[in-house]
Structures are given as structure tokens and as C-alpha cells.
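Colleague: I'd like to learn how to read a model like this one. Could you walk me through it, one feature at a time?

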Amino acid sequence: MTVVAEVARSRELLGNLVQRELRGKYKRSTLGWAWSMINPLALALMYTFVFSFVFRAGSPVGAHGLKSFPLYLLIGLLPFNFLANGINGSMGALVANANLVKKVYFPREILIIAQVLSWDVSLLIEYGVLSVVLLVMGNLVIPFLPLVLLLIVAETLFVIGIGLALSVLNVYFRDVQHFVAIFLQLWLYATPIIYTYSFFRDHVLAVPVPGKVPTHHVWNHEWLLWLYKVNPMVGFSNSYHALMYNLRFPVWTDLVWPVVASFLTLAVGVRVFRKLEPRLAEEL
Amino acid sequence: MTSFGAVVPAGSRKGSEDIAVRVENVSKRFRLYHERNQSLKAAMLRGGRAKYDNFWALKDVSLEVPAGSTFGLIGQNGSGKSTLLKCMARILRPDAGTIDVRGKMSALLELGAGFHPELSGRENVYLNGSILGLSRKQIDGKFEEIVEFAGLSKFIDTPVKNYSSGMYVRLGFSVAINVDPDVLLVDEVLAVGDENFQRKCSEKFAELRDSGKTIVLVSHGLDTVRTMCEKAAWLEGGVLKDAGTPAALIDKYVETTHVDRVATQGGGSRWGSGEIVVTKIELLDGDGNPTLWVHTGDSATLRFHYLAREKVKRPVLGFGIHNLDGVHATGVNSREAVAPESVEGAGYIDFVAPRMPLTAGSYDVTVAIVDENNLHTFDFQTKAMRFDVGRGTPSEAEGVFAIDGLWKFE
Ligand SMILES: Nc1ncnc2c1ncn2[C@@H]1O[C@H](COP(=O)(O)OP(=O)(O)OP(=O)(O)O)[C@@H](O)[C@H]1O
Ligand SMILES: [Mg+2]
């Protein structure tokens with residue numbers, strides 16, 4: 001694969017670009033790295049308030065009787081934020097670096113990959129802190145972390161794939177990012193993050209319909225559930241929850257489909273990028 | 001090229017018949033959009049992308065740049081020089097044809113290098129270095145030299161958005177040449193630097209050329225091309241018009257392109273009573289052929305055509321020559337010349353310069369016809385004609401005049 005070879009040859013540049021992104025992100029504020037924790041914490045507080053106190057939803061039960069809505073929420077929310085930030089960042093990457101793209105040659109994919117990797121660093125830090133909190137709460141997550149890392153690698157490929165496709169589209173149509181912003185909102189609600197998967201399965205999809213034949217209802221429910229799970233983020237989220245909250249191995253479909261989907265997305269993203277890339281310097 | 005060509009290592013090819021840049025039948029098309037509204041919403045309403053016209057900025061261009069040579073690209077504004085250079089640099093992808101560049105390439109395009117405005121000079125040097133394929137260690141080793149050459153040690157930690165355009169170009173140029181490229185592409189950058197920096201650049205070019213590097217240079221400074229390049233190509237409207245040695249090519253270029261300049265020329269003023277007027281001024285070369293281009297040291301004639309509407313007694317013709325900076329180079333008149341008692345009708349007066357003393361540059365001619373005592377002006381025209389002088393003998397004369405004389409070494 002020529003893409004991989006070319007990117008590998010430019011890894012020095014890739015490292016520099018990631019560093020540059022990180023420095024830009026954290027240098028600006030005196031709080032530095034701590035700042036990146038505040039956003040998810042504020043979100044977690046807000047959602048906890050809304051769901052636990054306003055709606056009085058019970059917290060899901062985890063391993064060893066762990067019951068904490070904020071922890072459950074953060075386990076799903078942090079990787080989703082990674083997805084959203086990675087996609088948004090990628091979409092701006094080519095336009096923000098127009099000066100480079102128009103003046104020097106290098107494999108342009110690097111800009112998107114660097115952008116996503118820089119958000120990976122943030123995710124790793126956030127997940128690191130979260131793991132410490134989980135340990136303090138008595139959840140021994142350590143043996144499950146290697147698998148979590150593998151999932152993050154897969155999700156990274158997924159985000160790079162989407163980022164590659166959307167970044168070039170955004171050069172040709174500058175308003176793509178507005179549509180994507182709306183889509184990302186919907187995507188959050190279509191993923192078990194602020195609610196649990198079992199809640200959705202048992203209470204949203206399987207609402208008993210009076211006067212209907214139960215068999216039909218069961219078929220209907222299965223079919224919708226499959227459709228729901230086409231969204232790879234459902235599998236990712238379920239797996240992260242299983243590994244970190246419940247301390248058990250995920251259901252195998254929740255592992256296999258997201259990984260397969262990631263590779264498919266990456267392949268499509270690379271093709272779209274390659275197709276639209278030649279005119280990049282003149283369209284910017 | 002022999003089949004061994006590919007095995008010859010970069011840098012040791014000087015004098016061989018190797019080709020460093022091979023451009024074959026390259027065409028490049030730009031899209032000129034009818035509306036600049038690039039939005040998905042508009043596209044969906046319209047049912048497709050915005051309509052556009054095709055514009056061919058390069059049409060079937062083929063040329064070869066020999067390894068180790070300095071190659072000039074000339075042509076008028078919009079002729080496709082920058083486009084061709086960007087295609088060589090792989091920034092633009094040609095729509096047809098191929099471009100082969102052998103060895104490591106480094107490019108410095110118009111208006112500076114690809115810098116990130118928010119980053120400091122130092123960070124940009126590292127970023128640009130790694131784009132050009134250098135490792136951190138390699139850049140560490142060259143860093144001092146780069147900053148030294150750019151003369152920016154005081155500003156190296158300032159964000160480049162605060163640089164002046166000259167400083168920007170200096171740093172870009174410094175990075176581009178210090179990464180040790182085999183092929184250096186340079187577009188119109190020398191014009192921005194101050195005189196000191198331009199001299200440093202010229203020296204660096206000479207040094208690179210001597211060490212067998214290939215340089216492709218786009219410039220409107222015809223003298224730069226003439227003195228620095230071994231070969232040159234001339235683009236017009238995206239088509240390769242001609243290629244060859246710079247001297248011959250530039251002469252041809254100037255002759256062709258200056259015709260329309262004179263036609264469109266203006267800006268001078270004119271007054272006088274009009275009994276006798278200068279109708280036309282011609283510049284003739286040594287063979288008596290009209291031209292707009294002579295070389296220092298060549299024989300040249302200024303021919304002033306006049307029309308006397310009535311009999312005019314002993315008119316005196318004078319002309320002055322200014323360079324474009326407005327420096328009055330010379331002014332002479334025919335008062336002491338052998339002249340007829342009176343003139344009437346059409347005729348011409350020649351002024352013969354056996355050896356053109358003006359140095360390279362463009363000059364404006366001001367002409368006047370007055371009476372014998374310089375009390376009455378019949379016709380006075382400022383900037384009546386413009387002509388060019390190219391480098392000749394002596395080729396390195398400076399100032400407005402090359403003083404006539406001989407060197408003697410005892
Ligand atoms: N991105 C672009 N989109 C559309 N047209 C372009 C684009 N870039 C260049 N052109 C057109 O291509 C033609 C050639 O431009 P180019 O910049 O190569 O000219 P040039 O020879 O370098 O001129 P100059 O001497 O002014 O630098 C011009 O007519 C220009 O308008
Ligand atoms: Mg140009």
C-alpha cells in the first residue's frame with residue numbers, strides 16, 4: 001500500500017505536526033493540560049445532574065456493585081468526544097494549513113492523521129486519569145486496559161477514515177462542517193452514552209404494544225436492534241463500558257463489527273481523499 | 001541518456017548528459033468558476049457543483065533541464081511560469097503529461113515558503129525541514145547556518161506572522177537552500193530581498209551551481225537570467241515559445257514583447273507652436289534596421305522624422321535621455337552641427353552613436369525643436385519614445401554610463 005509507505009516515510013513530519021497541534025492546544029492557557037479535563041468533567045456534572053436528579057434515573061450497576069452515573073458516562077463520553085474532536089479538527093486541517101499545502105509538497109494525509117493523533121493524546125490522558133479514579137473506586141481495570149488500547153487504535157482508524165473524506169469535501173464545500181456539527185449531535189444520542197444500552201434495548205425498543213401479537217413484536221425488536229447496532233460507535237461504547245465499568249469481556253459482536261467497520265471506513269476515506277486530492281492546492 | 005543514467009549518484013553528475021528535470025507534454029487546466037459560492041446547500045439546490053470554464057494554463061509543454069545547470073524561465077505575467085514550477089514541485093498535478101525530477105527537490109515559490117504564521121521562525125524551520133525530509137538531528141546541525149544566512153537571529157523566536165515580507169522570504173530561501181537539495185526551484189523571490197541579501201543569494205546560487213546542483217529560476221529580471229542561467233525557456237500563454245541560450249532567447253523575447261509596449265505607451269506631455277514637429281523617433285541598430293533594443297558598446301542611430309509645415313529657418317533639434325528613475329543621462333542638440341539654412345516638408349535627422357555608452361536598462365527620450373536662439377519652441381515632447389539597452393561590452397558596467405576607454409596592464 002503506497003499510502004502507508006508514504007506516511008511511514010514522513011513520520012518525522014507527522015511527529016512534528018502532532019507536537020505542533022498539542023502545543024497549540026495546551027500552550028494557550030496557563031492551566032494547560034488540566035484544561036482539557038475540565039470540559040468533560042463539566043459535561044459529566046451536567047448530565048449527572050439532569051439524569052440523576054431531574055429524571056431520577058437510576059445509575060447502572062457495574063462490577064462489584066459499582067454504581068456511579070458520572071463514571072459510566074465518562075467511559076462512553078470521552079471516546080465519543082475524541083471522535084467528534086477528531087472529525088471537526090480534520091475538517092479544518094486542510095483549510096488551516098492552506099499555506100503549507102499551496103507551497104510545499106508532502107503527503108497531505110499527514111495533516112489529518114496528525115490532527116486525529118493529537119486528539120488521541122488527549123483521550124489517553126483523560127482515560128488515564130479516569131482509570132485511576134476507577135481503581136480508587138475499587139474497579140480493578142488494569143487487566144482490561146490492553147484491550148481498551150486496541151479498541152482505541154481501531155477507533156482511531158475509524159476517525160481518520162471519516163476525517164480524510166470530510167476534510168477534502170470541506171475544501172470543495174465549505175459548509176460541510178455545519179452539517180457535520182448537526183450530525184454529531186444526533187450521533188451522540190444514537191449511541192449508548194448518556195443512557196445505557198440495556199435501557200434502550202429493554203425500554204425503548206421493546207415497549208409492549210397492546211393488542212399486537214408478541215411474535216411480530218419480537219421480530220420487530222430484533223430488526224431495529226440490528227439497525228441500531230450498525231452504528232459502530234454502539235459497539236465501541238458497549239465494549240468500553242463492558243471492559244471498564246463491568247470488568248468483563250465484551251459481547252463478540254460489539255468487538256468485531258466496530259473493528260471491521262473501522263477498516264472499511266478507512267479504506268473509503270483514503271479513496272475519497274485520493275480522488276479529490278489532486279486539485280487541492282488550487283481549490284484552497 | 002545511457003541506460004547507466006539512473007545509477008549515477010546525485011551530485012556527481014556535473015558535465016554528464018544527465019537530465020535533472022524532464023517535462024514531457026505537460027498540460028494543466030484550471031477551473032474558473034462562474035460563482036464563488038462553494039456550499040453544499042447551494043450545490044444541492046442547483047443539483048451539482050458550480051459551473052466552470054476550463055482554462056489551460058499550460059499547453060503541451062516539454063522541456064529538459066540538464067543536471068547541474070541553472071535554467072531560466074521567462075515570459076509575461078500570466079504566461080504559466082509559476083504554474084509550471086508548481087507542477088515540477090508536485091504541488092499542482094498536471095492534467096496531462098509527466099514530470100520527472102531526479103534527486104531531492106526543494107522549492108521556494110512566489111511570496112515565500114510554506115510557513116505557519118502562528119509558529120515562531122524556529123518552529124517553522126523545523127517544520128519545513130521535516131517537510132523537506134530532514135530529521136530533527138540534521139536540522140539541528142544546519143540550524144545555525146540557516147539563521148545566520150537569513151540574518152534573523154534576533155527574530156527567530158518571533159511568530160512569522162510578524163515578519164516583514166522580506167524577512168519571510170529570507171528565512172524561506174535560507175531553509176530551501178540549506179537542506180542540500182539536488183534540484184532547487186525558485187520563483188521570483190530575489191526581487192523581495194534588499195540589495196545585501198540579493199548579493200548573498202547570487203553568491204549562494206553560484207556556489208550551488210559549482211557544486212553541481214540544478215537550479216530552475218523564474219524571473220522577470222532579464223539581466224539576472226542572462227548572467228546566471230546557462231539555458232532558458234520562454235513561455236507565452238501557456239505554450240513553450242522557444243528555448244535556448246539566454247542571450248539569444250532574451251533578445252528575441254524583448255523584440256517581440258516590446259512592440260506592444262511602445263504602442264500602448266503614453267504619459268509624456270507635448271507643447272510647442274507646431275510649425276515644425278517631430279513625427280516619429282526610430283532607433284536603428286548598426287545595420288540600419290529599426291529596433292527597440294541595443295547593447296552597450298554597439299553602434300546605434302536615433303532617427304528623428306520631422307514635418308515642417310512651412311519654411312523654418314535654422315531649426316535646432318535637441319534630445320534628452322532619462323532612465324526610468326528619472327536620472328537625466330544626457331542631453332545634446334544640433335546647434336553646432338552642420339545644418340541647412342532652412343527646412344521644409346518631411347525629412348529626418350540622424351544622431352549616430354558609434355558606441356552606445358548607456359548601461360543596461362530602459363530609457364525615455366525627450367525631444368525638442370527650437371529656433372536658433374532658443375527663444376521659440378516649435379515642438380517639445382517628453383517621453384516621446386522608450387528603448388532598452390542590454391548588457392554588451394563592457395558587460396559589467398554600472399551607473400548610467402559606461403565610460404569609453406581602454407584598460408592597460410603593464
Ligand atoms: N488556482 C488557479 N485557479 C485558476 N486560475 C489560475 C490559478 N493559478 C493560476 N491561474 C491562471 O493561470 C495562468 C498562469 O498563471 P501563472 O501564475 O503560472 O503565471 P506566471 O507566468 O507565473 O505570471 P507572473 O509573471 O505574473 O508570476 C494565469 O492566467 C492565472 O490566472
Ligand atoms: Mg508567477
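Modeller: Let's start with one pair of residues: A300(B) sits opposite A353(B) of β17(B). Strands here are DSSP runs of E, at least two residues long, and helices are runs of H or I of at least four, both numbered from the N terminus. Two strands pair if DSSP finds at least two bridges between them.

Colleague: How many bridges join β14(B) to β17(B)?

Modeller: 11, and the two strands run antiparallel; β14(B) covers residues 300-313. Before we go on, the ground rules: this is a predicted model, where local features need pLDDT of at least 70, side-chain atom pairs count only at pLDDT 80 or more, and totals for chains, interfaces and linings use all residues. Residues are numbered from 1 along each chain as its sequence is written, chains are lettered from A and ligands numbered from 1 in the order written, and side-chain values use heavy atoms, with hydrogens and water left out.

Colleague: In what order do the strands of that open sheet lie?

Modeller: Read across, the four strands go β12-β11-β14-β17 in chain B, with antiparallel pairing. β12 (290-291) and β17 (342-353) are the edges, each pairing on one side only. As a general point, side chains in a regular strand alternate between the two faces of the sheet.

Colleague: Which strands pair with β19(B)?

Modeller: Take β18(B), residues 361-370: nine bridges join it to β19(B), antiparallel. There, I369(B) faces D379(B). The hairpin of these two strands has six residues between them, and N374(B) takes a positive phi near 60°. Next, β10(B) (270-271) pairs antiparallel with β19(B) (377-390) over two bridges, with R270(B) opposite Q381(B). β13(B) (293-295) runs parallel to β19(B), joined by three bridges; V294(B) has V389(B) as its bridge partner.

Colleague: And how is chain B divided into domains?

Modeller: Domain bounds come from an automatic or database domain assignment. For chain B, this gives domain 1 (6-104 + 181-258) and domain 2 (270-390). Their C-alpha centres lie 41 Å apart.

Colleague: How much area do the two domains bury between them?

Modeller: The size of an interface is often given as the accessible area lost when the parts come together. Here that's the area seen by a 1.4 Å probe, summed over both parts. Domain 1 and domain 2 of chain B bury about 500 Å², 59% of it on carbon and sulfur atoms. Five residues of each are in contact (heavy atoms within 4.5 Å). The count of salt bridges between these domains is zero; a salt bridge is a side-chain nitrogen of Lys or Arg within 4 Å of a carboxyl oxygen of Asp or Glu.

Colleague: Which helix gives the most to the domain 1 side?

Modeller: α8(B), with three residues.

Colleague: What about salt bridges between the chains?

Modeller: The count is three. In one of these, E277(A) and R93(B) meet through their side chains at 3.5 Å, N to O.
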